[in-house]
Amino acid sequence: MNELLTEIAPYVGRICGAVALDSGDDAAQEALVAIFRNLPSLRDAVALRAWARRIAVREALRAAGSRRSVPVDPTTLEAAISEPDLSGDVDVRTVLASLDPVHRAVLVLRHLDGLDEREMASVLDVAPGTVKSRLHRARTAFRARWSA
Amino acid sequence: MTEWPTVELRPLDRLRVMARVLPGVWMEERVIDAPFDDVWAFVSDLERAPEFDTDLHSVKVVSQEADRLKIKVRADVFGLAMPPTPVAVELREGWCWMRSPLYVVGMAAAPEGDRTRFGHLEGVPLHGSPSVQALQRPIAWVSRLRHRRHIPHDIDGIERSLGLRA
């Protein structure tokens with residue numbers, strides 16, 4: 001179990017750090033406890049990672065104090081907007097801190113984990129359209145604050 | 001280079017996670033009135049463990065490669081030295097995890113001002129399917145009860161060895 005913790009903790013830490021920010025330590029601990037308490041039901045590495053991702057996002061959102069859902073805005077669905085350039089030398093933390101936690105969550109899942117909208121919808125337990133809307137809002141907000 | 005904020009699981013947090021997920025272990029934390037370097041230098045010298053743990057007759061380091069050690073531990077039962085048990089160890093600054101098939105010991109420490117927050121975990125590392133865990137519940141209960149009493153004595157022993165108590 002110690003080896004498994006070594007393997008999974010950095011991944012959980014990345015999600016919790018980026019979504020929960022200052023509450024990331026607590027979120028990561030709670031997520032790891034929840035993940036490991038359910039280990040007997042997990043049989044393979046892919047399933048473990050998917051389970052870890054789901055729990056980490058849930059605990060990170062809880063720690064960040066936001067579980068509210070963002071309604072789908074049909075006017076935004078048209079905008080299959082371009083990916084923001086996240087490669088610059090900037091303080092991502094400051095920009096992320098200005099966003100709603102649910103927006104941070106979709107950005108993390110998209111840009112750190114490379115999930116598509118369907119996969120993100122599964123992790124977040126929302127409709128794919130909601131993810132699309134959140135991603136659009138998150139990227140717009142991210143870009144606006146980045147260039148501010 | 002863009003740096004996304006991340007969380008690194010610190011040794012004491014890691015030990016707290018292990019204490020919550022392993023049903024047969026108990027963990028105690030205490031702030032020891034000595035600098036981290038002094039506390040860690042003592043507890044990480046594993047062959048000196050019998051100085052503070054009266055359950056131990058001897059500890060011998062068999063091999064070491066980077067942060068992985070193999071040790072042989074002889075328990076002390078009513079003054080008699082038991083046969084040596086091989087134990088696998090992960091040891092780095094502020095973190096020590098020792099595991100044999102039937103027993104686990106964890107230590108973690110971090111500076112807290114001029115003092116040291118020290119965590120100590122011991123017990124029977126039970127885990128498995130929920131049905132197996134249900135069968136193991138009495139063992140877990142006894143293990144926790146025993147170590148709830150034993151671990152404070154160990155930490156007392158560490159403080160004594162560091163000259164912090166009579």
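A salt bridge, as the word is used here, is a side-chain nitrogen of Lys or Arg within 4 Å of a carboxyl oxygen of Asp or Glu. With that rule in hand, we can begin with E29(B), which forms a salt bridge with R117(B), the closest N and O atoms being 3.0 Å apart. The structure is a predicted model, in which local features need pLDDT of at least 70 and side-chain atom pairs count only at pLDDT 80 or more, while totals for chains, interfaces and linings use all residues. Residues are numbered from 1 along each chain as its sequence is written, chains are lettered from A and ligands numbered from 1 in the order in which they are written, and side-chain values use heavy atoms, with hydrogens and water left out.

Where do the two partners of this salt bridge lie? Helices (H or I, at least four residues) and strands (E, at least two) are DSSP runs, numbered from the N terminus. E29(B) lies in strand β1 of chain B and R117(B) in strand β8 (residues 115-123) of chain B, so the pair ties together parts that are 88 residues apart in sequence. E29(B) also forms a salt bridge with R16(B), and here the closest N and O atoms are 2.7 Å apart. This pair, too, links distant parts of the chain, since E29(B) is in strand β1 (residues 25-32) and R16(B) is in helix α1 of chain B, 13 residues apart.

To say how open such residues are, we call a residue buried under 20% relative accessible area, exposed over 50%, and partly exposed in between (1.4 Å probe, protein chains only). E29(B) counts as partly exposed because its relative accessibility is 29%, and R16(B), at 26%, counts as partly exposed as well. R117(B) has a relative accessibility of 24%, and therefore it counts as partly exposed. Over all chains, a search of the whole structure finds 24 salt bridges. One further example is R165(B) with E159(B), whose closest N and O atoms are 2.9 Å apart; R165(B) counts as partly exposed at 36% relative accessibility, whereas E159(B) counts as buried at 9%.

We can now turn to the place where the two chains meet. If contact means heavy atoms within 4.5 Å, then 26 residues of chain B are in contact with 34 residues of chain A. Between them the chains bury about 2,400 Å², 61% of it on carbon and sulfur atoms, where buried area is the accessible area (1.4 Å probe) that two parts lose on being put together, summed over both. The count between chain B and chain A is 3 salt bridges, and E3(A) forms a salt bridge with R68(B), with the closest N and O atoms 3.9 Å apart. Which elements give two or more residues to the side of chain B that touches chain A? They are α1 (11-21), β6 (95-100) and α3 (130-161) of chain B, and α1(B) gives the most, with 7 residues.

A pair of aromatic rings is described by the distance of the centres and the angle of the planes. Rings of Phe, Tyr and Trp (its six-membered ring) pair if their centres lie within 6.5 Å, and planes under 30 degrees apart count as stacked, over 60 as edge-to-face and the rest as tilted. By this rule the count comes to 3 aromatic pairs over all chains. W95(B) and W97(B) form a stacked pair, 5.7 Å centre to centre and with 5 degrees between the planes. W95(B) counts as buried because its relative accessibility is 1%, and W97(B) counts as buried at 4%.

Finally, consider F42(B), which lies in helix α2 (residues 36-43) of chain B. Is F42(B) buried or exposed? At 4% relative accessibility, F42(B) counts as buried. Not counting residues up to four places away in sequence, F42(B) touches R48(B), E51(B), F52(B), I158(B), S161(B) and L162(B). By contrast, the C-alpha atoms of F42(B) and R99(B), 57 residues apart along the chain, are separated by 20 Å.
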